[in-house]
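The sequence and the structure come first, and the description follows.

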Amino acid sequence: MAFQEKDLRLIRKEFEDKTANNPERIRLGNHFVDDFIFEDHEAADIPINALRVIFNIISIISSEQFRPEDRPKQLSLFDEEFETDNNIFASMKIRNNKISPSGSSKQVVDAYEFLAKFKMSWYRSVNSKGKEIKTFGGLISTPSYDHRGYTSFLISSYWLKKLMVIPEYNYVLYNLVYNIRNNKHVIFAIWLSKLPVNGTAVKLSTLNKKFGLNYKTANDFCFKFLKPARLSLHQYNNLSFNYRYKGDSIFIFPYHTKMITDIDLSVKNTGQPEITRRLRYFRKRYDLQENEMVQFTYQYRNITQIRELIEKAFREFIRSNRSKGIKSTSFQGKAFLIEIQEIIIRLYRNTRTGTLLPNGYPVII
């Protein structure tokens, strides 16, 4: 598995997959996503094993990813290392079993060949000194087995910069490409991570074009594509979605399914002491167990609009119980959350968004 190139390639850095531990999530830079996966707003049909290569590349370089506004010196160092001449590359090695856990050499070969040929072209960028830098190739070049169990390849400075320098990015779960076999569902999950919290409305023709599909009605798109995608993401992703359609408009509303494990309740880590105290109040007063707090905590802590809705629902919960002569603490644990969830649904559906997207309410249980 090799591709002969006449161009002189200068290798400036080596990356290697040295650990067996996998990250929980990776950071996908929006520039890379827009240019490589969604060029001209259309999703590329990238096979699942090729997506595994991409996810593992990002995992390996994750410690060197940065936002330029946070680390301007790092950007200068990148330019000095990679953007001083044409055709400068980094080399990388990835374990083959991370691309094909079943051990299929054909799957590994096909994945690397796809990425070597996909978007193969001349790319031009301008460095910090105004010099134009030219690079030829796809995302990767010259893949080959360098020793047992690994594949090595080159990454051009053009694409490496889009992977490493990430002014804007979204988190995606690393295991998504292992738990979900349908590549379009994974690509949809990447697109979903970029949507605003209040959702979006998209025409059927736009979605068909974006994801390379050909459904004739919005009903078909929802039930033949969105419904199975939602089942996959609800089971395996930290972000899923609700949907509905009206005419040829499809409404998609993302929601979090679980809290990422590195978010905790400590004041030190969050910098949100008032929110933390409020969460502790709910937990203690209504005897909420740790597993019952996960979704509730994520929604309350991280999304202002949902936190306000939860507080409004809680006030209604207290008012309603007082009018009935019932102590609010009569509802403990999950029973408390069920009561709040029902009020949230009622309040949400009385809003303009709730009228358009009745099943887009926040889920706290």
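Among contacts in the chain between residues at least 6 apart in sequence, what share joins residues at least 24 apart? The share is 70%, where contact means heavy atoms within 4.5 Å. The model is predicted, so local features need pLDDT of at least 70 and side-chain atom pairs count only at pLDDT 80 or more, while totals for chains, interfaces and linings use all residues. Residues are numbered from 1 along each chain as its sequence is written, and side-chain values use heavy atoms, with hydrogens and water left out.

**The chain as a whole**

The chain has 365 residues, of which 50% are buried. A residue is called buried under 20% relative accessible area, exposed over 50%, and partly exposed in between, with a 1.4 Å probe and protein chains only. The secondary structure consists of 15 helices and 11 strands; these are DSSP runs numbered from the N terminus, a helix (H or I) having at least four residues and a strand (E) at least two. Along the principal axes, the C-alpha atoms occupy a box of roughly 85 × 50 × 45 Å.

The accessible surface amounts to about 18300 Å², and carbon and sulfur atoms account for 48% of this surface. These areas come from the Shrake-Rupley method with a 1.4 Å probe. The chain carries 56 positive and 38 negative charges, whose mean positions lie 7 Å apart. In this count Lys and Arg are positive and Asp and Glu negative, with His and the chain ends not counted; each charge is placed at NZ of Lys, CZ of Arg, CG of Asp or CD of Glu.

Helix H13 covers residues 304–323. Its 20 residues should span 28 Å at 1.5 Å a residue, which agrees with the 29 Å between its end C-alpha atoms; the expected span is 1.5 Å times one less than the number of residues. The buried residues of H13 include Leu309, Ala313, Phe317 and Asn321. An α-helix has 3.6 residues a turn, so residues three or four places apart point the same way. Among the elements that cover the buried residues of H13 are helix H11 (273–285), helix H12 (290–302) and H14. After H13 comes Gly325, which has a positive phi near 70 degrees.

Ser328 belongs to the loop that runs from H13 to helix H14 (334–349). Ser328 counts as buried because its relative accessibility is 9%. Beyond residues up to four places away in sequence, Ser328 touches Phe317, Ile318 and Asn321, as well as Arg285 and Tyr286. The side chains of Ser328 and Tyr286 are joined by a polar contact of 2.9 Å. Such a contact is a pair of N or O atoms within 3.5 Å; within protein, one must be able to donate a hydrogen and the other to accept it, and residues adjacent in sequence count only if both atoms are side-chain atoms.

Ile343 is part of helix H14. With neighbours within four places in sequence left aside, Ile343 contacts Ala313, Glu316 and Phe317.

Gln299 lies in helix H12. A polar atom of the Gln299 side chain is 3.1 Å from the backbone oxygen of Val363.

Asn56 lies in helix H2. Its contacts, again leaving aside neighbours within four places in sequence, are Ile94, Lys98, Ile99, Tyr174 and Tyr178.

| Residue | Relative accessible area |
|---|---|
| Ile343 | 7%, buried |
| Gln299 | 1%, buried |
| Asn56 | 1%, buried |

Which loop holds His41? His41 is in the loop between helix H1 (30–37) and helix H2 (48–61). Although not a glycine, His41 has a positive phi of about 65 degrees. His41 counts as exposed, because its relative accessibility is 62%.

Lys119 is likewise not a glycine, and its phi is positive at about 60 degrees. Lys119 sits in the loop between helix H4 (105–117) and strand S4 (121–126). Lys119 is buried, its relative accessible area being 17%.
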